[in-house]
Amino acid sequence: MLIHLSVHNYAIVEHLDLELKRGMSVISGETGAGKSIMLDALGLALGDRADSSVVRLGADKADILASFDLDDIPDARTWLAERDLDNDGPCILRRVITAEGRSRGYINGAPCPQGDLKALGELLIDIHSQHEHQSLLKPDTHRRLLDEYSAGQELARQVQLAAQRWRQTQQALERLSNSSDEQRARQQLLSYQLEELENLALAEGELEQLEQEHKNLANAGQLLDACRQVTELCSESDAGNVLSALTSSLQRLAAFQNQAGALGEAVNLLASAQIQVEEAVGELNRFVDHFDADPQRQQALEERLDTIYTLARKHRVQPVDLVALQQRLLDELEGLNADDEAIERLSEELAAYARHYEEKATELSRIRQAAAGELSLAVEAEIQRLGMPGGRFSVTLKPVAEGDYPPYGFEQVEFLVSANPGQPLRPLAKVASGGELSRISLAIQVITAQTSRVPTLVFDEVDVGIGGPTAEIVGQLLRRLGERGQVLTVTHLPQVAAQGHHHLFVHKARDNEQTRTAVAELRGRDRIEEIARMLGGVDITEQSLAHAQQMVTAAQA
């Protein structure tokens, strides 16, 4: 629960420290004294939006600090522990807004984003404002209130998450499926092209070998003539040849072969040259003897090369790049086949998400059906007590179209009301007047608050437009809520103020230079006088004091 609120330089509040207790704490004061300012400051500590206009005139920053005892809020302890923000003492939320408009938030002294303050704040306090009845005209509010009453918020969150996953998977599947016709055409083309390349079966380096062999066959006559001429020049010419010249040269130098130095080296080189020429002649003779100038082989080579060149032109690549092209096409085809597998996988996931959604949504529907009747009876009883005798209230569930997976479940929730006996139940927005709507809103808030896991409830002038015996019943309802936790209520009604376990009085303190808001806890005679003031009249009379005393005594009894 909220145990301490400290406000510095916020609006007209210069400095304010409040110690708060369990039970129902009433906040009263004259109009404009700053009652709602306290709750607005608390809202900032809980993550509400703010700007520099909230900083007190002349100050450089506004500083709001709220301390909470978490003994009865295990969800908040878990939230803090998951983020390593827990400590042994109270949980402290702090918000600082500078005159330049910058905002900083802290949880237990650690800086944090505004969203974290808001998320944690929702676990700590539930604030009901006087304008909250306006949201009762929205179907989303009806569904949220029913789920809170039935303790089905977590299940509703799971349904919403399941619907989100189903929708995302469906969209991904549609994107792939919409391109399937185009994809299948591409797959067929790739398969045909790969079949051509596979039938070609071009090996690495084969093209170079084919082109060389074809060149040899095309120049067979010239090649053989050149080989024979070289053989004759080297060894067969009677007019003189290389081998005979080398042999004659070696014979002439043979008498001097023992000479060292340059002459000996020359003899060795000539001998080596003689051997190499003899080997070259042998290779040329073997080449000529085994050379096959088969015209059929030449035709086969030309046909093979023509097939290669034609396929290269078809794909607009160089012939030597056909092997690399084949690998690229294969990779692309495998990627398209993977898309087919992805479609199959997404289809299976979509069915699984649909089953999960149906399971959770069916369970949520069962819980809603059971809670709808209970909430209808409870709210109907309260609105009759709150000045609408004979009024009826019903929570209806309207099934959605079959096959849909909306994020809110299998049904729409709508509140129906009949304000007067004999009138049919109709949608809340069409039949309730402003005053009736306020009372219906208060009844719903009181009933749903009883099932809330949040121990601190704040009611900001929710009793506007209510008076007489109805106001006393409102006070009794709020006191009853305070007995199970902590209730803070801002009110102008003495009937409500008399029901409080504690009474805080907000007033303006003035000096020669400035006006500021101050808060005092009223006890005994002071509290009786404040309630007597709220009863009305310029002067507080003995009769009004006695009436106020009677109201407080009756409430305590």
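Predicted model: local features only at pLDDT ≥ 70, side-chain atom pairs only at ≥ 80, totals over all residues.

Residues are numbered from 1 along each chain as its sequence is written, and side-chain values use heavy atoms, with hydrogens and water left out.

Let me start with the open sheet, whose six strands are arranged in the order S2-S1-S4-S5-S6-S7 with antiparallel pairing. Strands here are DSSP runs of type E with at least two residues, helices are runs of H or I with at least four, and both are numbered from the N terminus; two strands pair if DSSP finds at least two bridges between them. Strand S2 (13-19) and strand S7 (110-112) stand at the edges with a single partner strand each, so one side of each has no neighbour in the sheet. Within the sheet, strand S4 (residues 61-68) and strand S5 (residues 91-98) run antiparallel and are joined by eight bridges, and Ala-62 stands opposite Ile-97 in S5.

Now to the largest pocket, which has a volume of about 1400 Å³. A pocket is an open set of points on a 1 Å grid over the protein atoms alone, where a 1.4 Å probe fits and protein lies on both sides within 12 Å along at least five of seven lines, and lining residues have an atom within 4 Å of a point; the volume is the space filled by probe spheres set on the points, which are joined across faces, edges and corners. Of the 45 lining residues, those closest to the centre are Glu-122, Leu-123, Arg-144, Glu-148 and Gln-153. Which helix gives the most to this lining? That is H4, with six residues.

Finally, consider Ser-28, found in strand S3 (residues 23-28), and Glu-530, placed in helix H17 (residues 524-535). Ser-28 counts as buried because its relative accessibility is 0%, and Glu-530 is buried too, with a relative accessible area of 5%, where buried means under 20% with a 1.4 Å probe and protein chains only. Leaving aside residues up to four places away in sequence, Glu-530 touches Ser-28, Gly-29, His-503, Phe-505 and Leu-522, with contact meaning heavy atoms within 4.5 Å.

Notes: Buried < 20%, exposed > 50% of the residue type's maximum accessible area, 1.4 Å probe, protein only.
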